[in-house]
Amino acid sequence: MTRVLVLNGPNLNLLGTREPGVYGADTLPALEARCREHGSRLGLKVECLQSNHEGTLLDHLHTWGALHRAGEAAGVVFNPGAYTHTSIALHDAIKGIAPTPVIEVHLSNVHAREAFRRHSWIAPVAAGSIVGFGIDGYLLALDALARRIAAGLSTKP
Ligand code: DQA
């Protein structure tokens, strides 16, 4: 089975209790379980990681870029949390592991919130972005990766 990483950034470990009106009532383990279940229906082995640390997120992207280059991984579904709006280092990392597809996901509709959330350093280097659909956004991103594989844009760069 092709491996896919679902990577969550800062504060997403607080899901379930963090601003449930914005982010929903589901916990991070529940989100990850849904991703794993959906992935197995698509023939994808979904692995999940979360970190509150920018450098750790960079390290995970580098590792999964190498796995993609080795033909072992299809890509990364990435919710960078607030680093979306601040991190040139994450922008550079995604550029640096190209052509590994990284799909940007946000639970909330960042465009309908504060002005500072409208800018993403990730969007210009992502394969695509999905915002505002809650956990379904992660499942849609997995669908997109599965469709890339079916289209022959598979695991090999
Ligand atoms: C978020 C949106 C970001 O603006 C925010 O900082 C988050 C969560 C989302 O999933 O909607 O931490 O990435």
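1. A pocket is defined on a 1 Å grid over the protein atoms alone: an open set of points with protein on both sides within 12 Å along at least five of seven lines. A molecule sits in a pocket if more than half of its atoms lie within 2 Å of its grid points. Here, the space taken by the ligand is the largest pocket.

2. This is a predicted model: local features need pLDDT of at least 70, side-chain atom pairs count only at pLDDT 80 or more, and totals for chains, interfaces and linings use all residues. Residues are numbered from 1 along each chain as its sequence is written, and side-chain values use heavy atoms, with hydrogens and water left out.

3. Arg18, Tyr23, Asn79, Gly81, Ala82, His85, His106, Leu107, Ser108, Val110 and Arg117 surround the ligand (a heavy atom within 4 Å). By class, this shell has 4 nonpolar, 5 polar and 2 charged residues. Gly counts as polar, Tyr as nonpolar and Arg as charged.

4. Look at the polar contacts (pairs of N or O atoms within 3.5 Å). A polar side-chain atom of His85 is 2.7 Å from a ligand oxygen. Leu107 brings a polar backbone atom to 2.8 Å from an oxygen of the ligand. For Arg117, a side-chain N or O atom lies 2.8 Å from a ligand oxygen. The protein covers 99% of the 320 Å² of accessible area that the ligand has on its own (Shrake-Rupley, 1.4 Å probe).

5. The structure has 6 salt bridges (a side-chain nitrogen of Lys or Arg within 4 Å of a carboxyl oxygen of Asp or Glu). Glu47 and Arg3 form a salt bridge at 2.6 Å, N to O. That pair links distant parts of the chain, 44 residues apart: Glu47 is in strand E2 (residues 44-50), Arg3 in strand E1 (residues 2-8). Strands are DSSP runs of at least two residues, numbered from the N terminus.

Technical notes:
Polar contact = N/O pair within 3.5 Å; in protein donor to acceptor, adjacent residues only side chain to side chain. 1 Å grid on protein atoms, 1.4 Å probe; cavity = no way out; pocket = protein on both sides within 12 Å on 5 of 7 lines; lining within 4 Å. Helix = DSSP H or I, 4+ residues; strand = E, 2+ residues; numbered from the N terminus.
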